[in-house]
Amino acid sequence: MKKLILPLLIGSALLVPPTFAAEHNRAISYLTSWGVDNQAEKEIARAKVDTLLLSFGRWEANGDIHISDNIIEAPTDAYWISSAYLSWTQFKFDNPQHKVMVAFGGQTYESIWSYLQTAENREKIAQNLVALLQKNLPVYKRVNGQNQYTQVGTTQLDGIDFDFEKGARVTAEENANLLDLAKRVRQKIALLPTKKLLSLTTYHVGADPIECANVAVTQDCSYIEPSRSPHHGEVLPLLKNGKDVFDFFNVMAYDAGKRFKYDVAMANYARAVGTPAKIVLGATINQQWGPEGSFVENYQNNIERAAWQARNNYGGFFVWTLGSNTQSMPFAEQVNYINHMKEAAEEAAGTEDLVKPTTPTALQATVNKGSISLNWKASTDNIAVTSYQIHRNGSNYSTTTSTQWTDPSALAGVEYRYFVKARDAAGNLSAASNEVKAKIESTQEQVKPNAPTGLSQLSATSNSLSIKWQAVSNTTIKHYQVWRDGIKVKTVTATQFQDTGLAAGKTYTYYVTAESDKGLISSASSTLQAKTQDEQVVTPGPAEGDWKVGVNYKVGEVVTYQGKKYRCLQAHPAMAHWNPAAAGSLWQLQ
């Protein structure tokens with residue numbers, strides 16, 4: 001009977017809901033291992049966050065665990081300890097109810113997901129992750145004005161965050177492998193004497209319908225740019241099958257541009273998991289990517305989003321990041337910023353906004369260079385207007401945060417009817433604006449180029465990619481614009497392009513637009529994901545006469561070992577116990 005006890009406990013562990021699933025209105029922040037200034041040790045005591053995610057961890061195929069800049073490694077010098085280590089250990093030690101987790105993955109360490117292919121690897125990694133959570137780590141402070149640090153106690157990490165992101169689309173197999181790893185960790189931490197956490201962080205569009213990859217589909221799509229993301233719906237199986245495995249789910253509702261519909265993304269995640277209470281809204285106080293180029297989200301929008309998630313019963317917000325900051329914001333100001341977000345969330349919690357925005361007015365339509373553009377006067381709201389719905393021919397066609405919009409797919413010769421509605425953070429919609437009609441005349445001067453087709457890869461090296469596409473022929477084309485990762489990199493007249501100066505082993509996303517001689521720009525082509533070759537590491541052969549461990553020897557090569565010459569008989573990698581004097585089947589004395 002004793003042999004049955006442990007398997008029964010492990011098997012039943014997954015039937016128990018995660019310990020912290022009932023928590024609401026979390027305030028979470030990443031803490032980088034780099035860029036943490038020397039005021040952080042003092043300033044983090046003011047932070048109103050309840051959970052820190054240490055950035056970043058990775059594992060090897062053999063299960064070995066590594067953390068950036070040794071942010072969790074015990075210091076060896078009592079006179080100098082990194083600000084990052086001091087900050088998180090004191091944060092946890094002084095506030096035992098707070099949580100500190102390690103975020104594993106991120107795009108920098110995306111290779112770790114490829115190490116989960118076998119059950120054996122997943123088990124080794126799970127064991128080492130759980131061992132990490134049981135490790136007692138020393139806490140140091142300066143005591144009585146001393147210059148050196150004194151150990152005042154120990155603390156432990158509280159959990160693991162899987163930052164599940166890649167440049168390329170996550171596969172079904174990768175979803176299943178990570179779910180299996182998380183289940184193994186969940187089984188093991190259920191047996192520990194202290195409570196531990198698991199969370200999952202994924203891309204903004206990860207819970208969108210898969211059909212949103214089609215530019216013609218807008219229903220329930222959070223990202224509706226002309227060039228869609230390759231990640232729509234990529235983690236839906238993991239969300240649905242892992243809803244009782246992870247304690248909460250972090251949605252990276254940034255790096256998607258100013259028109260990103262974060263409310264739609266959050267609703268999609270809540271639908272997949274079955275509750276909004278476990279869905280955490282992501283924000284960044286750093287520079288972020290957008291289709292028109294990088295930008296920084298304004299302060300008021302981040303404050304309002306923190307309040308919005310609380311009003312709508314979501315699980316809280318997280319911020320990228322405390323520590324490194326693209327705007328050179330001091331650590332103290334970072335703390336102030338996040339504290340204001342927390343205060344807004346607390347103030348909004350439990351309140352319900354039922355007030356509709358005022359009606360947009362003075363809607364006008366103009367036709368210029370083959371495109372239809374709308375503009376109108378802004379609505380107002382008791383809290384804030386977050387977006388406007390664009391209705392075309394009676395259907396909710398698009399969304400914008402601006403008071404002007406250009407139709408990306410209007411065809412010449414077709415009359416379109418438009419009206420606009422304002423939306424606030426609580427989802428309240430205004431009455432419809434006035435309706436306007438517009439039509440692009442079917443003249444040669446107004447013919448918009450078709451989107452380029454046939455985008456494909458020609459070749460790749462470790463630092464360059466060559467792509468090609470088919471020529472657009474429905475009108476005279478002046479040139480083509482090549483876009484990489486949402487940024488225009490080149491204008492060319494040919495139908496191929498070589499992109500140079502790239503990083504080795506990295507995946508890039510391309511699309512192409514065509515511009516006519518009248519200045520009309522086409523819709524974007526379909527996207528192409530292309531990867532540069534990995535850096536080739538060449539092990540130099542030994543100088544003649546030298547035998548060395550680690551060299552791949554070929555048949556016929558001659559080396560010198562202990563003053564004697566030997567000829568290689570079989571190709572092999574040189575190992576210490578296969579030296580020429582000991583391995584007669586590999587080497588022949590000359």
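What is the torsion about the S-S bond of C212 and C221, and is the disulfide left-handed or right-handed? The legends below refer to a predicted model, and the first of them takes up this question.

**View 1. The disulfide between C212 and C221.** A search of the whole structure finds one disulfide. This disulfide joins C212 to C221, with the two sulfur atoms 2.0 Å apart. The torsion about the S-S bond is about -90°, so the disulfide is left-handed. Both C212 and C221 are buried. Another cysteine, C568, has a relative accessible area of 2% and therefore also counts as buried, because the limit for that term is under 20%.

**View 2. Strand β13 and two strands that pair with it.** Strand β13 covers residues 316–322. Six of its seven residues are buried, so the strand is mostly covered. Strand β1, residues 26–32, pairs with β13 in the parallel sense over five bridges. Strand β10, residues 279–284, also runs parallel to β13 and is joined to it by four bridges.

**View 3. N396 in strand β17.** N396 lies in β17, which spans residues 395–400. Is N396 buried or partly exposed? Its relative accessible area is 39%, so N396 is partly exposed. When neighbours within four places in sequence are left aside, N396 is in contact with T218, Q389, I390 and H391. K421 is 25 residues from N396 in sequence, and the C-alpha atoms of the two residues are 9.5 Å apart in space.

**View 4. T400, also in strand β17.** T400 has a relative accessibility of 4% and therefore counts as buried. A polar atom of the T400 side chain lies 3.1 Å from the backbone nitrogen of S402. Which residues does T400 touch, not counting those up to four places away in sequence? They are R259, W376, S387, Y388, I390 and W405. I390 is also among the contacts of N396.

**View 5. S83 in helix α3.** Helix α3 runs over residues 83–94, and S83 belongs to it. The relative accessible area of S83 is 19%; the limit for buried is under 20%, so S83 counts as buried. Apart from neighbours within four places in sequence, S83 is in contact with V36, D37 and N38.

**View 6. An open sheet of four strands.** In what order do the four strands of this open sheet lie? The order is β24-β23-β26-β27, and the pairing is antiparallel. The edge strands are β24, residues 487–492, and β27, residues 528–531, and each of these pairs on one side only. From one strand to the next, the twist averages 30°. Strand β23, residues 477–484, and strand β26, residues 507–516, are paired over seven bridges in the antiparallel sense. W483 has Y511 in β26 as its bridge partner.

**View 7. Spans annotated as Fibronectin type-III domains.** An unreviewed UniProt entry gives the annotation "domain: Fibronectin type-III" to residues 356–443 and 451–535. In the model, residues 451–535 are 56% strand and 0% helix.

Technical notes
Residues numbered from 1 in each chain as written. Predicted model: local features only at pLDDT ≥ 70, side-chain atom pairs only at ≥ 80, totals over all residues. Heavy atoms only, no water. Pairing = 2+ DSSP bridges. Axes fitted to C-alpha atoms, helices over the stretch in contact; angles between N-to-C directions. Disulfide = S-S within 2.5 Å. Buried < 20%, exposed > 50% of the residue type's maximum accessible area, 1.4 Å probe, protein only. Contact = heavy atoms within 4.5 Å. UniProt positions renumbered as here; feature names shortened; annotations may be inferred. Polar contact = N/O pair within 3.5 Å; in protein donor to acceptor, adjacent residues only side chain to side chain.
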